[in-house]
Amino acid sequence: MKRLNNLYYSKRIKELLAELQTAGTTLVVAPMGYGKTLAVQYFLQEQERCGKRVLRQSIYGAGAEAFWQGVCHSWQNTELGAALLQQSLPADANAKTLVLELFRQLLPQEPVYWFIDDLHLLESSEAIDFLFALSKAGFADLHLLLVSRGQIFDGSRLLELGRKVFCLDKHDLALQRDELAEYSSRCGLQLTAQQLDALHEACEGWFSVTYLNFLNYDRYQRFCLDTGSVYEMIANVLLRPLPSEQQRLLLLMGQPEEFTPEQVAYAYGTSCRESVGRLLECNAFIIRLANGRLRCHHMLKQATRHAFGLLPEAEQQMYFRRLGQWYAQQKEYEEALDWLYRGRDFDGLLAAVQQLRDWSMHPQHRQHLFDWLCECPPEILWQYPQAVLIIMRRMFSLNMVPEMLQVKEWYVTALERNTALSQRERDNYYGELEVILSFLAFNSITGMSEHHRRAYKLLSGAPQTLSKQGIWTFGAPSVLGLYLRTGCSLRQTVEDMQECMPPYYLLSGWHGAGAAELTEAEALLLQGRIDEMDMPLQKAYYQAEKHGQECITICCDFLDMQRDLFRGVYSSKAEAYSRHQWQLQPWKQSMLLNSADMCAGFYYALLGKPEYIPSWLTDGNGQQPSVLYPARPCRNYISAQCLLAQGQYTELLVRCSDWEQECRPYSNFLCLLYLQVQRAAAFAGRGDVTSCRASLKQALAMAEADKLVLPLAQNIALLRPYLEQEAQGECSAAAAAALHLGQQMEAGRGQIMSARFAEAGLQELTEQELQIAQLAAARHTNREIAQRLSLSEGTIKQYLNKIFAKLQIDAAAKNKRHQLERFFPNS
């Protein structure tokens with residue numbers, strides 16, 4: 001009796017698969033048709049029989065978003081899965097650290113085998129980076145099984161993983177000569193030694209081609225050893241010999257990534273369950289998945305899709321339409337969209353869109369988003385204003401603004417033409433439109449508020465477009481960095497924020513709570529009115545914490561850290577932020593970790609401790625952690641300050657023009673001011689007096705009207721002599737105020753360095769350095785110290801520079817020896 005569809009695993013293969021139980025990560029890499037997936041599935045079924053937990057994920061597309069959806073789906077119904085749903089695929093170091101911490105804390109306390117198949121289809125470097133980081137972390141109870149046709153990790157990463165990774169390749173999976181003999185015998189084929197030799201030589205242990213030859217031999221008593229294409233073999237052996245009905249059914253099975261027998265029968269249009277059953281029984285290229293669905297092997301899928309493409313276009317559209325309708329009936333609306341579009345069922349497509357208020361959108365939908373509406377007959381489009389609204393929302397998030405404005409006209413027409421809507425429904429739709437259009441007015445506070453006020457009057461409930469969980473600041477630690485658009489507008493901006501935010505709070509359920517008070521506090525800080533900012537800052541803290549707006553709390557901390565520098569108090573918040581030991585729970589947005597890094601980086605840059613600055617703020621390799629586009633100008637001026645602290649003046653000047661360009665789209669005036677000041681400081685650091693004076697004059701002119709002296713004061717160490725000259729010039733008031741505020745900050749910084757860091761430096765002094773420091777503190781000159789210790793004056797000078805560095809005494813500061821006396825009061 002022939003048993004051609006029986007699976008075969010040799011003793012050798014079983015022994016290799018047993019190694020997977022002890023491996024943290026297993027890489028199975030071989031060309032198609034070598035039985036990679038079936039071998040791993042066999043191993044996993046054995047683990048399931050032993051009560052082990054098994055998770056399976058298949059890659060069906062190249063995109064990062066689809067990959068991450070699959071990750072979340074794999075871990076669904078677990079605490080870890082719920083936490084991962086709050087994240088996106090980690091694209092930077094902070095996000096990666098956060099997600100790995102989630103795995104560390106929330107992994108089930110039992111062995112878990114996580115199988116990810118077909119990784120060769122994935123074109124996301126972020127996804128591969130994540131899998132590498134997960135492999136490197138080496139969680140004891142997590143076994144990662146990665147299958148691909150091509151290399152997953154490069155050689156350097158494999159070396160780094162070392163014994164944490166176990167590899168199988170095509171040589172491990174290929175049938176050996178004796179295994180081929182045993183396989184054919186188990187299938188019930190009586191082959192001669194000569195036939196086995198010829199088959200093994202032709203197939204080279206390739207499992208799929210061997211199986212196809214077995215089928216062909218059973219039917220025609222001959223092998224297909226000279227076939228040029230495996231796809232042609234599949235067509236000749238598996239497709240063309242079938243009756244017409246079964247051919248169509250097999251073609252339909254190859255269209256979806258996964259399918260059910262009921263789905264195929266529905267798409268075919270008649271009762272054909274018996275025919276479907278017979279196909280499944282006699283075709284080992286159709287794989288049954290753990291979720292109860294089925295999947296065609298890639299080789300069979302490619303062959304059937306090629307044959308399907310040869311059908312008349314009308315017939316193809318009919319089947320596509322039925323597949324889409326099947327998904328819609330199962331409430332799998334995202335899956336339905338592309339099928340309905342390909343089947344030209346626009347009525348069904350827009351009806352499905354209306355069910356997707358929290359639409360995450362597959363990558364292929366972005367390509368077709370505008371096409372759907374352009375190609376949809378107007379009489380159908382006018383019946384679905386809610387669907388058009390949802391598509392408009394997605395267009396804004398995808399930066400498709402011109403298309404969005406065109407769709408706006410269709411949306412208004414759809415509302416006017418739809419006579420079935422009640423006035424309340426019509427008002428709600430117009431209210432949602434106002435919310436969407438408000439984003440186009442960013443960063444005009446009053447412009448956005450006009451839309452918000454109109455939306456509030458029209459809507460009968462909370463808008464679907466806004467989420468209180470969104471990051472109101474886009475990841476920036478400064479509100480005025482986002483919303484101060486021009487010079488001479490500071491007071492007006494504060495007043496606009498105080499007037500416009502309360503209506504927005506009512507509309508959005510207190511999204512961004514505390515922003516109005518925070519804006520006032522930041523304005524006072526920028527003007528150097530340190531003692532006046534306490535009340536609005538505390539109000540901002542209260543509102544943000546009351547309404548769960550962590551992004552506003554971070555902005556409050558950013559101001560608090562800067563204020564502490566003037567008060568001579570070391571910021572415990574900066575230390576907590578630099579170590580990520582802060583109040584945000586680990587399953588919150590990873591973008592806020594990047595905001596925390598920016599706060600800590602800026603603080604330590606001002607403090608003169610560049611070794612504490614997060615490296616991504618200055619590395620300039622293009623792989624910077626993510627903040628949303630509106631927050632990039634803030635990130636840039638913070639990076640510039642960090643470069644100044646590191647003495648990388650040339651690097652700052654090289655990048656400055658690009659950073660200034662990123663301030664233009666939204667007129668980020670405060671960020672431009674910071675960059676102009678930092679440019680002047682970089683020229684000063686390089687000793688370029690002419691360029692420094694020219695940049696400083698521009699910065700003073702920008703700062704003078706609103707008395708924005710803080711950026712100048714924060715760079716006093718490099719700019720002092722130039723500000724002293726400008727204090728006699730056209731912008732004398734701003735220059736004098738900056739000098740006064742800068743002196744306060746230097747005094748506070750000195751107190752922090754002495755109290756927090758300098759005492760530790762005493763322990764680092766050598767015996768020789770300690771003796772020289774005591775003599776210098778006693779007001780001996782370099783010559784006197786040199787004569788006393790029988791050293792040269794140049795050597796004494798070198799020693800003193802080392803001593804000042806260890807004791808955190810600014811090498812550019814005046815009266816360094818006076819500062820040295822604090823450490824040796826008895827000298």
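A charge is taken to sit over a ring if NZ of Lys or CZ of Arg is within 6 Å of the ring centre and within 35 degrees of the ring normal. The structure on view is a predicted model, and the tour begins with that kind of contact.

**Charges over rings**

Select Arg 417 and Trp 382. Arg 417 lies over the face of Trp 382, at 3.9 Å from the ring centre. Next, select Arg 342 together with Phe 320. Here Arg 342 is placed over the ring face of Phe 320, and its distance from the ring centre is 4.1 Å.

**Aromatic pairs**

The tour now turns to contacts between rings. A pair of aromatic rings is described by the distance of the centres and the angle of the planes. Across the whole structure, a search finds 31 aromatic pairs.

For one of these, select Tyr 34 and Trp 206. Their ring centres are 6.1 Å apart and their planes stand at 10°, so the pair is stacked; planes under 30 degrees apart count as stacked. The two residues come from distant parts of the chain, 172 residues apart. Tyr 34 belongs to the loop between strand S1 (25–29) and helix H2 (36–49), while Trp 206 belongs to the loop between helix H10 (193–203) and helix H11 (207–220). Tyr 34 is buried, at a relative accessible area of 7%, whereas Trp 206 is partly exposed, at 23%.

With ring centres 5.7 Å apart and planes at 75°, the pair is edge-to-face. Phe 132 is part of helix H6 (residues 125–137), and Phe 153 is in the loop between strand S4 (142–148) and helix H7 (155–161), so the pair ties together parts that are 21 residues apart in sequence. Phe 132 counts as buried at 8% relative accessibility, and Phe 153 counts as buried at 1%.

To see a group of rings, select Phe 67, Trp 68, Trp 75, Phe 103, Trp 114, Phe 130 and Phe 139. These residues form one aromatic cluster.

**A cavity**

How many cavities of 30 Å³ or more does a search of the whole structure find? It finds three. The second largest cavity has a volume of about 50 Å³. To display its lining, select Gly 24, Thr 25, Leu 134, Ser 135, Gly 138, Phe 139, Leu 142 and Leu 144. The elements that contribute two or more residues to this lining are H6 and S4. By class, the lining of the second largest cavity comprises four nonpolar and four polar residues, with no charged residues.

Notes. Residues are numbered from 1 along each chain as its sequence is written. This is a predicted model: local features need pLDDT of at least 70, side-chain atom pairs count only at pLDDT 80 or more; totals for chains, interfaces and linings use all residues. Side-chain values use heavy atoms; hydrogens and water are left out. Rings of Phe, Tyr and Trp (its six-membered ring) pair if their centres lie within 6.5 Å; planes under 30 degrees apart count as stacked, over 60 as edge-to-face and the rest as tilted. Helices (H or I, at least four residues) and strands (E, at least two) are DSSP runs, numbered from the N terminus. Buried means under 20% relative accessible area, exposed over 50%, partly exposed in between (1.4 Å probe, protein chains only). On a 1 Å grid over the protein atoms alone, a cavity is a set of points where a 1.4 Å probe fits but cannot get out, and a pocket is an open set with protein on both sides within 12 Å along at least five of seven lines; lining residues have an atom within 4 Å of a point. Grid points are joined across faces, edges and corners, and a volume is the space filled by probe spheres set on the points. Ala, Val, Leu, Ile, Met, Phe, Trp, Tyr, Cys and Pro count as nonpolar, Asp, Glu, Lys and Arg as charged, and the others, Gly among them, as polar.
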